[in-house]
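Biologist: I'd like to go through this one with you and ask what stands behind each label. Can you bring it up?

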Amino acid sequence: MFSFRECSVPGCRTYVSLPYSVCYHHATDEQKRKIEKALEEKLSNDQIIRDVTIIGGAFRDLKVEGKVLKASNFAFSVFMDCTFTETKIINCFFDFCIFIRCSFISSNIRYSVFSGSTIRNCRFNDDVMIHSNFMGIDSIDSSYDQCDLYYSNFSMSKLIRTSFEDSNLKRVNYNACLTKDVSFRYSNPEEAFFSQDQEDVR
Amino acid sequence: MRIYPHFNAKGAENSYLIGPDEGGDAILIDPADIDTELIGLIESHHYNIVACLITHGHRRHTAGIPKLMKIYDARIYAASPRIAGYDTVQLSDGDSVEIAGFEIKVRSLPGHSPDSLIYMIGKTVFTGDVLSAGRIGTTKNNAEKQILLYNLINTMMRMDDNSLIYPGHGAATKLRTERIFNYSLLESEVKLY
């Protein structure tokens, strides 16, 4: 698991980016460069990338293909034009992130958290995204097509021009969502929950 | 520390395997079912289960105990003195135990069930059915719901926003997310900060 040590800057409770004693936000420019370089090296050399903490990072044109990303924390980060192809993302935290024009193709996302994120012009296609937390996301002009979303949670989200077509929606939670132009074509929304009462009954 | 979630497809419960980085003594939280996938997970990481922590005594979270005890010589930790026919090491609110090199803090949060405990290892909280992503535990009546809400406010809502929450059902979450997006808590109009 990523380190739970808190940043040494007084008043900051964010987790540190190892090997430093400060969080990414409070790291010096030189430290930030080293943290980013370490991640780039891991992405190019290692099959399994684990225990990484970069909170509040900014990533552009990141290409992750065929890797396994485990137990890492990228909360409050910005991802632009990033591609995750055939990537396993397990037990990772992407809460309150911004994803713009990113694609997650044929990836396997489990036990991961994307809650509070803004997801704009993104493609989650042909993915297995079971047991993942998308609570309170703003999903705009994005698609979750041909996905297995079993037991994922989109409650309290804003879903605008978003499609969940030809996907498995069994036990998916859409409680208290604001929706506009959402398509569930060829999927099974009857097995999803659209209110807490439905969830309690089942 | 390594945390491996395991999903029991039969009853939709989560179990959690917690161990050190390189094998050795490990902990299993809420053994809903000991299937070949879970045994494979334990053995492939060279773990030996020395403790089984129970968040609450509901059968769907403890049904795997008999099978677990046939394979591993584990001690069971719970609020109740006996679980699934086995004697336990009884825990109560405020206890702290060291198992497999991890310091585990225990808090009692009745409401969903009288024996509900949550376990904290560092900034990681295993909540059982007390708090899940987007909802609080089910209760039989309004009085129990108020007890649960009171306990949540006075224990969990005092924890750090960055605490990770691993519930007995559904996806993982963070406390910050629950403060902002937990429908049950928002609906109850309780003070979350």
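Biologist: How many residues of chain A are in contact with chain B, and what makes a contact?

Modeller: Contact means heavy atoms within 4.5 Å, and 35 residues of chain A are in contact with 35 residues of chain B. Mind that this is a predicted model, where local features need pLDDT of at least 70 and side-chain atom pairs count only at pLDDT 80 or more, while totals for chains, interfaces and linings use all residues. Residues are numbered from 1 along each chain as its sequence is written, chains are lettered from A and ligands numbered from 1 in the order in which they are written, and side-chain values use heavy atoms, with hydrogens and water left out.

Biologist: How much area do chain A and chain B bury between them?

Modeller: About 2900 Å², with 57% of it on carbon and sulfur atoms; buried area is the accessible area (1.4 Å probe) that two parts lose on being put together, summed over both. Of the area that chain A buries against chain B, 18% is supplied by Met1(A), Tyr111(A) and Met156(A), more than any other three residues.

Biologist: What makes Arg13(A) and Asp160(B) a salt bridge?

Modeller: The term asks for a side-chain nitrogen of Lys or Arg within 4 Å of a carboxyl oxygen of Asp or Glu. For Arg13(A) and Asp160(B) the N to O distance is 3.8 Å, so the pair falls within the 4 Å cut-off. Between chain A and chain B the count is 4 salt bridges.

Biologist: Which residues of helix H1 of chain B are buried?

Modeller: In H1(B) (residues 36–44), Leu38(B), Leu41(B) and Ile42(B) are buried. They cover an arc of only 95° around the axis, so they lie on the same side of H1(B); the arc is that of the directions from the helix axis to the C-beta atoms. Thr36(B) and Glu37(B), on the other side, are exposed. Helices here are DSSP runs (H or I, at least four residues), and strands (E, at least two) are too, numbered from the N terminus.

Methods:
Buried < 20%, exposed > 50% of the residue type's maximum accessible area, 1.4 Å probe, protein only.
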